[in-house]
Amino acid sequence: MGLLSDPNRRRALINLLTRLNAPICVVCYMAGVAWFMGLAFEPFTLRTYMSENAMGSTMVEERFPSGERAVATGREFAAHKKKVSGMPVEWLVKTMQARGLEVYTQRFSRTLPFPDENKERYMVKGTNVYGILRAPRAPRTEALVLSAPCTPGDNNNQAVGLLLGLAQYFRNQIYWAKDIIFLVNDHDLIGMQAWLEGYHHTNTTGMDWSPLQGRGGSIQAALSLELSSDVVTSMDLVLEGLNGQLPNLDLANLFYAFCQKIGVLCTIQGKLQRNDWDSVSGYSHAVQTMMLMVMKQASGRPWGDHGLFLRYHIEAATIKGINSFRQYKTDATTIGRLLEGMYRKLNNLLERLHQSYFFYLMPSLSHFVSIGYYMPAFGLLAVILLPGVLSVLTPLVISHLTGAALYMLPIRFQEMAVEHFPVSETEAVVLTAIAVYTAGLALPHNTHRLLSGEGTEQGWRVLKLVALLYLAVLLGCTALINFSLGFILALTLVPAAAFVTPHVPKVLSAFVLVILSPACTLLFSVFFFQELQEMPVSFLDGWLLYLSVISQGILDHFLYGSLVYPLIALLVYPCWLLFWNILFWK
Amino acid sequence: MAAHRCCFPVWLFILCSFSLFIIAGSQETTVAPEQHASVLDNPQTAAETAEQTAGESGGVEERRWEGTEVRDAAAQKQAEPAVLQPTPQPKDDFQEELVVRPLHSGDIYASFQFRTLWETDFMRGNKVSHYRLFPKSLGQVISKFSVRELHISFTQGYWRTMQWGQPYLPSPPGAELWVWFQDSVTDVDATWKELTNVLSGIFCASLNFIDSTNTVQPSASFKPLGIGNVTDHRFLRYATLPREIVCTENLTPWKKLLPCGSKAGLAVLLKSEKLFHSSFHSQAVHIRPVCQDWQCKTTSWELRQTLNVVFDLHNSGQGKREWSLFKMFSRTLTEACPLASSSKIYIDITDNPEGEQFELSPATSLLSQAMVLGDRRTFSVYDLTQQDTFGSVRSLNLLIRWKSTEGDMLRPLLHAERYVAGYGLQTGEIHTLMYNHHPYRSFPVLLLDSVPWYLRLYIHTLTVTSKGKDNKPSYIHYQPSKDRVRPHLLEMLVQLPPNSVTEVTVQFERALLKWTEYTPDPNHGFYVGSSVISSLVPSTVAMDTNSTRERPLFSSFFPCKEESSYFVRVYTEPLLVNLPTPDFSMPYNVICLTCTVVAVGYGSLYNLLTRSFQIEEPSPGLAKRIANVIRKMRGVPPL
């Protein structure tokens, strides 16, 4: 404190800081990135452990016997699905009833804002079927959900088969203290959204659904099952949900604990765990796994049917069966026992899962990075913005209007675009979005026309001050909710914000600024994501993928209320435009 | 003697219809004259029963009919000839019975009723000290707390109306207690508090958690079931504990109240390991004053102990569609309780007249009919007081073997469900759905909602809609809550249109509790007790257009009065609501953080603010100091 109360030393400190501003910024940035990369290094991470005492030991005896029969039921389901070419509602109702469940159906319909070409759907109509296993002597206050999507084609039949097999087995047990809801949802996420909205009687996305007849009280946890082969080599856990929300870490711990106990190979992000953390390849493997999670979380979209549960404060995860070329196979009985174990443990819960972390990254299934460890990396990047505060009002409004145009025009103008140009609706939406985005680059010339007189030296300083504060708050808030997205945005926007002044070489800086813009960040992310998944793509494919990612982002927003698209359009993009304005300040 | 016996059924009939009247009307307590007239004008029944009693003594016949022509849902099966022994020595009487109803879903419903009647007056000045059949612990409670009526139930599980139909005796999940006090009680709240604590001890239950925050005084929903003309609800207290778990420690004291304990009679079947291996378990004690004769000159106290249990086909039956006493209770019957004046088992065979649904063995020829819940039911009767019931093996093991497969879900005329809508921890909405499945009759229901204070109801958002239209309740009684003192009480009389769903919604805000008010498991959530829906439901018999099948034409044109409607009470499921909960591991972190902030931040800031700064003269150099010393010695002013 003596440092602050001594005016001389205070002055010296400030001088030092101003003099060393640029190097300090560079050091902080490097340190931030280095810290982040260090997160994946095993000795720096924590081992996962079960926090919830009620699920503490895995000492339940799994006895699920009828995997074979479940697979056969799956085949029967496939046959009926093919026959009615869609959801075999009647057959499902009958089968669930025969297993002693209370069965209900829910119809829903939704017209997409524009046709989804990836999944080939526009006007969606479907029916969810769910059966409730009433817990003996529990008064319908709590429930667990096990869901399996009914996907078109040959996928996921085994998941439905196993779900029905488990329903039959669970029905004969006396120990249930929570109702168990077995849900087969039509049209994957749209069906799930309809069911969840129906269950909680809310309507956030303007979908039409028929009200639910039967309920089981407040849902404590949910698992979504995806299984497309009779035998699998490993089970993959998917955690990333809507808007980058994650389920409580205990759910992941539970899955890991039972995989260890039963001897099932388990993966996260499709990556097996490796023991050679001290080797370069081992470390890069961990980085790859963590980066995949960061990318997926940053996308803000639900990466499985579980993703929509998280909004309702229901801990949920998707469990995917993966069948690769490995020798060692796991059959349906073992997967059934895995799920049985997990449900028995969840059944033992006395309270909602709340003990463990809600904010984390996972470089492997057995290790995690908690919020306390990853936030410094972000802090080091954000601190660069603070000296920037030393520097002055303006086209703030115009930037935001451009942002609002980017948010609204693509959907509004799709019809007009389709009329005048030879493109499909989806392309129209994406191309309009890109067009509005690019048009925003012409902004500085237009704003200057609106401003009276010449821009002063002080003028851009004020603008920069505002822009920096804006960015700092924006990134800070984003990183709190969705660390991955915040970090990726900080990674590109912060250097842009730091170097930009009207006095740097224009052409070169403009190029750099465009490279660091949110749209290019997304483009790079697409390529990087493909690289991580070990499926590199050519530039043209990448571009097409990029376009589809944009359309998916917009669809996710309108269908499930994902917030990434409005965040980018209404906040991040206008903020970046401010810096673009500074660069072209006259 | 013959004449004497002949008049029994008439007496019996009067008693039955009287009790029916009390329960069904549940308000009026005087006997309506036309009721008597109808009884007296009914010599046919009398003759029929006379024939039956004769047949009983005569030996085994093809099908004998028992004299219980009319029976009621709540006050059912009290009508046995033995009750009406005109010789009032001794003045107390005990009956036991078990009704077994094979349910539509393949499950099985067993309902025990034990009734002790005692002609005495607890309220008179002289203390009652000699107890025979009536349990002394309860007798003392009645006289000490001036209780007029006491109803207590402990239930584990939720009655599934859609699969099982209506129960004989409805009860909400958890514990429910409602008491009418005598109008001589001056401080009802204090008496109530003391009574709950005493009952808590008697039944080994957490009834001591009943306090002013969960007690209400319903104005219309809970009327006295016994005689008495006081309906001022100041003397009524109603409370539920939805979280109460019922287990063996509650069953044991309950069994101890029985005259034979669990040593003999039907009570030997009450083995906890089987009773609690079921889908539904409910035990109750009802105490009320009843009339001893139809003129009601003398009254007696009735203690009715009931136990309802539903065994699950899949869990307990191992999927085999076969039930026996041994399979259900792991016991068979060998004798009646020697103290009981009547001891019977009834099996509901209404849906099984020709044995096409299930097979019953050993067969019995004794049959009985009764009006239960607006439906005429037929029962096979096993009289345990008769030695030949037990057969040659000296033990009775009833066996029911299903032949058909399980059916679809039922559509009971009245059923209700409730849930919390919305997400997030700030607000929410309670939806109560009431279904009227009657094809053409509308009927009124009385809805009682008692919501704890920590859900702050926005009563202006209360809406009642049926078929998309606003349905204005004809009566609303609302008592707002007071924080930490009393709950919300909402009572409404709503007309349910035929074949419709009526939805009652009300929004609420979740209160932030003080940190000591949270339960030890705050993240589990907080319970809101069941809504109570009381109604007179139009009878299914009246709905049945083919009722001419068995009845003579002249009897079937106008629906007769007893059958036109019946009383039903439906409880919705309790709600589990999450309140905003602080992270309780946080205080440690907060203490650490605040200490640090105070020590470092506040300290230094205070230091900075209060310290006065002044530029310090730079201290002179060594040469200068030496020079000054020399100058001082020389007497010249220093530099």
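The model is predicted, with local features requiring pLDDT of at least 70, side-chain atom pairs pLDDT 80 or more, and totals for chains, interfaces and linings using all residues. Residues are numbered from 1 along each chain as its sequence is written, chains are lettered from A and ligands numbered from 1 in the order written, and side-chain values use heavy atoms, without hydrogens and water.

The largest nonpolar core holds 178 residues. Such a core joins buried Ala, Val, Leu, Ile, Met, Phe, Trp, Tyr and Cys residues through side-chain atoms within 4.5 Å. Buried means under 20% relative accessible area, exposed over 50%, and partly exposed in between (1.4 Å probe, protein chains only). Phe36(A), Phe182(A), Trp195(A), Phe255(A) and Met362(A) touch the most other members. Apart from this core lies another, of 90 residues, including Val141(B) and Phe358(B).

A search over all chains finds 27 salt bridges. Each places a side-chain nitrogen of Lys or Arg within 4 Å of a carboxyl oxygen of Asp or Glu. Arg121(A) and Asp188(A) form one, at 3.6 Å from N to O. The two residues lie 67 residues apart, in strand S3 and helix H7 of chain A. Helices (H or I, at least four residues) and strands (E, at least two) are DSSP runs, numbered from the N terminus. Both Arg121(A) and Asp188(A) are buried.

In chain B, Arg304(B) pairs with Glu302(B) at 3.1 Å. Arg304(B) is buried at 4% relative accessibility, and Glu302(B) is buried at 1%.
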